[in-house]
Amino acid sequence: RGMTRLDSLGRYDTTWSSNVGANGGVGFVYAIVQELSTTTGLPTGKFIVGGNFTRYSPGAAGFSNRLIRVNSDGSLDTTWNYAAARGVSAGQVFSLLPEISPTTGLPTGKMYVGGDFAGPATYTDSAGAHTVTTGLIRINTSDGTFDTTFNPTGSGFTSGGTAAVWTIEPELSTTTGLPTGKILAGGFFTG
């Protein structure tokens with residue numbers, strides 16, 4: 001399957017959709033993050049999922065290259081814009097990190113996505129053409145589009161480099177406990 005839900009005793013949750021899976025059970029899911037409301041910080045009932053799968057849920061052709069959003073029952077959220085998924089379609093998604101505001105402590109509606117994308121890759125959506133660099137991107141969680149204001153630079157993140165970002169963590173303030181607005185990315189980077 002690639003992903004399932006368990007009850008509090010560790011048994012399969014039978015209310016979870018039984019018709020879900022990554023590549024019919026062949027693909028892997030590496031990261032799952034529950035989407036949180038930007039106004040309340042409470043769960044929205046949706047999950048962002050990343051891995052090395054190229055298809056999710058049989059019959060959902062055209063969706064889900066390694067980065068998807070699923071509903072609370074495990075079904076694919078077909079309202080999400082899968083343009084970002086097309087931009088990372090030649091690699092794997094290893095890590096997901098929701099961005100939290102340093103001032104409010106609430107989610108900003110953006111999420112960092114780390115992996116070993118075979119960038120640079122270009123995709124086009126309603127806002128125009130975009131290029132994915134290697135290893136690290138940021139998306140808008142509400143609709144799945146790329147956040148074009150985030151442009152990682154430096155060794156490995158340029159179009160001539162290779163990067164695999166395996167983990168992403170927020171830097172927290174030692175006085176407030178809130179994120180500082182900076183992140184740490186761990187993995188393999190070359191220039």
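Q: How many aromatic pairs does this predicted model have?
A: The count comes to three aromatic pairs.

Q: What makes Phe28 and Tyr30 a stacked pair?
A: Their ring centres are 6.3 Å apart with 15° between the planes. Pairing needs centres within 6.5 Å, and stacked means planes under 30 degrees apart, so this pair passes on both counts.

Q: Why are Tyr30 and Phe94 called tilted?
A: Here the centres sit 5.4 Å apart, within the 6.5 Å limit, and the planes are at 45°. Tyr30 is in strand β1 and Phe94 in strand β4, 64 residues apart, so the pair links distant parts of the chain. Phe28, Tyr30 and Phe94 make up one aromatic cluster.

Q: Why does Tyr30 count as partly exposed, and what does Phe94 count as?
A: Tyr30 has 36% relative accessibility, which falls between the 20% and 50% cut-offs, so the label is partly exposed. Phe94 has 18%, which is under 20%, so Phe94 counts as buried.

Q: How do you know that Glu35 and Arg69 form a salt bridge?
A: Their closest N and O atoms are 3.1 Å apart, and the cut-off is 4 Å, so the pair qualifies. Both residues are buried.

Q: Why say that this pair, Glu35 and Arg69, ties together separate parts?
A: Because Glu35 is in strand β1 and Arg69 in strand β3, 34 residues apart in sequence. The two also belong to a network of salt bridges with Lys46 and Asp77.

Q: What makes Glu99 and Arg138 a salt bridge?
A: The N to O distance is 2.8 Å, inside the 4 Å limit, so the pair counts. Glu99 lies in strand β4 and Arg138 in strand β8, so parts 39 residues apart in sequence are tied together.

Q: Why are Glu99 and Arg138 called buried?
A: Glu99 has 16% relative accessibility, under the 20% cut-off, so Glu99 is buried. Arg138 comes in at 10%, so Arg138 is buried by the same cut-off. Asp147 is buried too, and forms a salt bridge with Arg138 at 2.6 Å between the closest N and O atoms.

Q: Which residues touch the most other members of the largest nonpolar core?
A: Val49, Leu67, Ile68, Leu96 and Val113 do, in a core of 24 residues. Among the elements giving two or more residues to this core are β1, β2 and β3.

How values were computed
Residues are numbered from 1 along each chain as its sequence is written. This is a predicted model: local features need pLDDT of at least 70, side-chain atom pairs count only at pLDDT 80 or more; totals for chains, interfaces and linings use all residues. Side-chain values use heavy atoms; hydrogens and water are left out. A nonpolar core is a set of buried Ala, Val, Leu, Ile, Met, Phe, Trp, Tyr and Cys residues joined through side-chain atoms within 4.5 Å. Buried means under 20% relative accessible area, exposed over 50%, partly exposed in between (1.4 Å probe, protein chains only). Helices (H or I, at least four residues) and strands (E, at least two) are DSSP runs, numbered from the N terminus. Rings of Phe, Tyr and Trp (its six-membered ring) pair if their centres lie within 6.5 Å; planes under 30 degrees apart count as stacked, over 60 as edge-to-face and the rest as tilted. A salt bridge is a side-chain nitrogen of Lys or Arg within 4 Å of a carboxyl oxygen of Asp or Glu.
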